[in-house]
Amino acid sequence: MELPGGPTDAEGRAVNEQLLGALTGAAVNGCTPCVDRLLDEAAADPTSVVRLVEVSRLTALRMNRGELPAYLTTDDDPSGPAAPEFKRLVRAITEAEPVTEVCEQLTAPGRRAAADYALELLVGHLTIANTTGLDDAETLSEMCCAISALLVEWVFTKAPMARRQFTETWHQYAFGQREAGLPGNGVDALALLLGAVLHRQARRDQVTVEQLRTLVFTRALPALQDPEQAGAILSGFVAPPGNDDVTVPVKRLARSNSAFLADLCKFARHTITMHVKDCPHGLRESDHACTLAHRLPALGDSAGPHVAAPTPEDGRRVALPHLGYREDKPAEDAPDGYSAGHVWQINTGRILLERWDADIARWNERISEDSSISEPNYDHEVGLETLACPACSSRDAFLAEGRWGDPLTLHCRCGVTMMSPLDAGPDDLGRLLLKRLILCEADPAYAARRLMAPLAEYREREHQARATSWYSGPDNKDVALLEALDLSGDDLSEALTAALKPKLPERHGGRGLTLLLLQVLYALFAPAVRDSADGRWLADAVRTLVADLREESDRWAPTRQPVLDRLQQWRAEGGPQLWQDAWQRTLDVVGPYFKRYRVGDGRISDGCAGLALALYLLARETDTGVDQIGVDDVRGLLALADAGETAKDPAEVPRRWGARLEALGHDLDSADDSVARVWRHLRPDRPVHVHGDRRESALVLGLENILGEQSFYRVRF
């Protein structure tokens, strides 16, 4: 009879399949002399004994719904006759120990006893299976692992930053380990640990597969708080056989590396607490015991909003969506004239919130990793949108209620109530949002006052950036917005609307300036805000900011000029025919490379100007056409004429070029000499890097930028 497993074990040792097949066949046929003789042979081969124990263990799992009876694993269990050596090997397999080495440490009679009992168990199970068949229903361990995988994937889908943090942690262990067979991206490993702890909890609470929906999975948190306890649970967990590729390396690494186990426990705790945090059954009940029953619909709908679905037994409560949403702390204290216990009931229209979009972030990440995309078109990850009811998607009419500092209760006209947890911290989205609604209800002009600080902070950051060495002018998208703004009229709201083209109530993404002006526009829509003193103050501050940004934009306008246009301007300044030829060849060479580039920090355009100057200089000195000059000839001009080494003094190269130009009859100080004008433009020193004080001439930096061996912009001709 052929046993499963193949000709080698997991460590690559040969297994005597012929011997095991003969032994099993003899046992099934009841040939006692053959069994005794073949058992003696098997006992001398530890790998064969281990294979026999592994197969009998698998059949025991099939016969016992995925569980191992205590008499097969526990030495002091009186309910079964299993040999102690057999139990020792079964425990070694379960705990992912090097079982063949364990078997080698047994005596020959001990290995024979283990093989004898494994054979007896295997034949007994085969006889029962042949008579009654096997139960193929999912086992408790399989269900716990499957639910754990669902929990982990759901959390990582809703919180990509958590996935990224876990991936970075996983990479610390996935490479360079002795058990380098760690599979996948770590999600299976995390699900294995969580599944083991949930399985232990289910057995303690006597929860069967059929009752698993009632499992209180928050009860697993104490075990995950103690990595040593969690490690013991993981080690003894009889994982589904299909998980062996994950189970063995993860158990071994968890046993040998306490930091790895602690990290797994940390992320497993996070997985559970993420679900508890917004459970509608636990809202306003800090000690709520969250079960799986009311979470499975939400877990299965990974594309839905991050809320828990309402259930009939608990009314129409849902958790306030919070993942990715952001709300600033209030700019003022509680409004005067109201008692601390005053319960506010506020009819509010659209509620504007800032939100980081995880789906867009994942899309941008995929674009950045795709090397086939030469000009990636990233979308804005941060945007403004109005809060939507997760049940009916309404964005217009809500009733907010609560006291100052309370968690938010928000009623939709469809009958659903959105709530933030009672035990949420003071910086919880719901608490901060309720404070904003209260302040605006007490004085609508607060909507304008709350934006003054962000406006001042934006301007301060902008001025600080201008003083740094890495600043290269306003962003092109900000420039486009400034150019679209027509502030010649009196109505700022109308001007902002025309320039921003707001997409509200749907999501409107954008850079910081766009989102700030969009909030200003949203605030000034309300006449009570627009006509107030604070509203007029806000409008004046916006006009002042825009005027300042436009002035800075105009100062940097030359950097936004296309590179080829800049080269054409230099060429149009005239000069001898050979100089014109040098420019024409430069345009022919660099045109295909830089037709979509802008001047920016000037290095590309400086490099192109340096190339034209080099072609002209070499052609004049050798009395040849510019088309006879090669790239190596140009690179030679960057080396010292004497030693053939790169000039150690950055200023040496432009000085030598200047001397050679003077030898050709050029007056380097002449305002009418177009060649000298380009040389003077390339002579000054400029920063080599964004950070650091080292400087080199624009001539050297530019040529190295477009001709350097390691340069991203390297051109060939």
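A salt bridge here is a side-chain nitrogen of Lys or Arg within 4 Å of a carboxyl oxygen of Asp or Glu. I looked up the network first. Glu462, Arg466, Asp548, Glu552 and Arg555 are linked in a network of such salt bridges. By this rule I get a count of 39 salt bridges.

Notes on the source. The model is predicted, so I take local features at pLDDT of at least 70 and side-chain atom pairs only at pLDDT 80 or more, while totals for chains, interfaces and linings use all residues. Residues are numbered from 1 along each chain as its sequence is written, and side-chain values use heavy atoms, with hydrogens and water left out.

Next, single pairs. Arg164 and Glu365 form a salt bridge at 3.1 Å, N to O. Arg164 sits in helix H8 (residues 160-174) and Glu365 in helix H15 (residues 358-369), 201 residues apart. Helices (H or I, at least four residues) and strands (E, at least two) are DSSP runs, numbered from the N terminus.

I then checked Arg395 and Glu506. Their side chains meet in a salt bridge at 3.6 Å, N to O. Arg395 is in the loop between strands E5 (382-386) and E6 (398-402), and Glu506 in the loop between helix H20 (492-500) and strand E9 (508-509), so the pair ties together parts 111 residues apart in sequence.

Buried or partly exposed, I asked of Arg395? Arg395 is buried, at 19% relative accessible area. Glu506 is partly exposed, at 45%. The cut-offs are under 20% for buried, over 50% for exposed and partly exposed in between (1.4 Å probe, protein chains only).
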